[in-house]
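Have the viewer open as you read.

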Amino acid sequence: MELPGEVYLFNLSLIAITFTAVSAVTMLLRQTMGGKLSNFDIYLLTSYISLGFVLAAIAILPALISLFELASPLQWALASGSAAVVLIIKIIQLRKVVSPGKWPLVVNLAFAGHGLAILGYLFNAFATDWQGSHLFALSVTISVFDVMRSFVRRIASLLGEKPGDDWDPKRG
């Protein structure tokens, strides 16, 4: 039996995987432009790639859970609760690696979309009257678009005075 929204979630998974490939190609392009990969560049690359993989896995999680043939509300509660926990752990990990201190507002806004997605997952896990593919898919979509938006902002920071200039973490 096909899960509601399954095709959409599989497509989001493909978009997330494609995004990880684009992230890696962009780093290669940076080197071609004359820039040396700094430690921060390597951090960014691994962050975007690992977050892309996490979002791809989250997107296919409901299909995996449906194989156990549980009741629909329980399936969405498990998928949503698991997605929230995984994304919380990943965001905390990413946030602590670069700077345990305060970040500028623009950087915190980059994490706000994921926070909104986490709230969506948690709501879908516990509010049984609203549970379903719609809230889960919306949450995955918010996270995928948020990471893509953040990546585009990072690409814009490449356009410094010299192609070899390092990315500025304060530019968001």
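Let's start in helix α5, which holds both arginine 149 and aspartate 146, three residues apart, or about one turn of the helix. Helices here are DSSP runs of H or I with at least four residues, and strands are runs of E with at least two, numbered from the N terminus. Keep in mind that this is a predicted model, where local features need pLDDT of at least 70 and side-chain atom pairs count only at pLDDT 80 or more, while totals for chains, interfaces and linings use all residues. Residues are numbered from 1 along each chain as its sequence is written, and side-chain values use heavy atoms, with hydrogens and water left out.

The side chains of arginine 149 and aspartate 146 form a salt bridge, 3.1 Å from N to O. The term covers a side-chain nitrogen of Lys or Arg within 4 Å of a carboxyl oxygen of Asp or Glu. Searching the whole structure turns up one salt bridge. Arginine 149 is partly exposed at 36% relative accessibility, whereas aspartate 146 is buried at 8%. (Buried is under 20% relative accessible area, exposed is over 50%, and partly exposed is in between, using a 1.4 Å probe and protein chains only.)

## Rings that pair up

How many aromatic pairs does the rule give? The count comes to six, where rings of Phe, Tyr and Trp (its six-membered ring) pair if their centres lie within 6.5 Å; planes under 30 degrees apart are stacked, over 60 edge-to-face, and the rest tilted. Take phenylalanine 19 and tyrosine 48: their ring centres are 6.0 Å apart and the planes sit at 85°, so this pair is edge-to-face. It links distant parts of the chain, with phenylalanine 19 in helix α1 (residues 6-32) and tyrosine 48 in helix α2, 29 residues apart. Both phenylalanine 19 and tyrosine 48 are buried.

Then there's a tilted pair, tryptophan 76 with phenylalanine 136, at 5.6 Å centre to centre and 50° between the planes. Here tryptophan 76 belongs to helix α3 (residues 72-98) and phenylalanine 136 to helix α5 (residues 133-156), 60 residues apart. Tryptophan 76 is buried at 3% relative accessibility, and phenylalanine 136 is buried at 0%. Separately, Phe19, Tyr48 and Phe151 make up one aromatic cluster.

## The nonpolar core

In soluble globular proteins, nonpolar side chains tend to be buried together. The largest nonpolar core in this model has 37 residues, and those with the most contacts inside it include Leu87, Tyr121 and Phe136. (Such a core is a set of buried Ala, Val, Leu, Ile, Met, Phe, Trp, Tyr and Cys residues joined through side-chain atoms within 4.5 Å.) Two or more residues each come from α1, α2, α3, α4 (105-126) and α5, with α2 giving the largest share, 12 residues.

Leaving aside neighbours within four places in sequence, tyrosine 121 is in contact (heavy atoms within 4.5 Å) with several residues, among them Ile58, Leu87, Phe136 and Val140.

Helix α2 (residues 39-66) has 28 residues, so at 1.5 Å a residue it should span 40 Å, and its end C-alpha atoms are 41 Å apart, which agrees. The expected span is 1.5 Å times one less than the number of residues.

Where does α2 bend by about 40°? The spot is isoleucine 60, and proline 62 follows within four residues. (The bend is the angle between axes fitted to the seven residues ending there and the seven starting there.) Isoleucine 60 is partly exposed, with a relative accessible area of 37%. Not counting residues up to four places away in sequence, isoleucine 60 touches Phe10 and Ser13.
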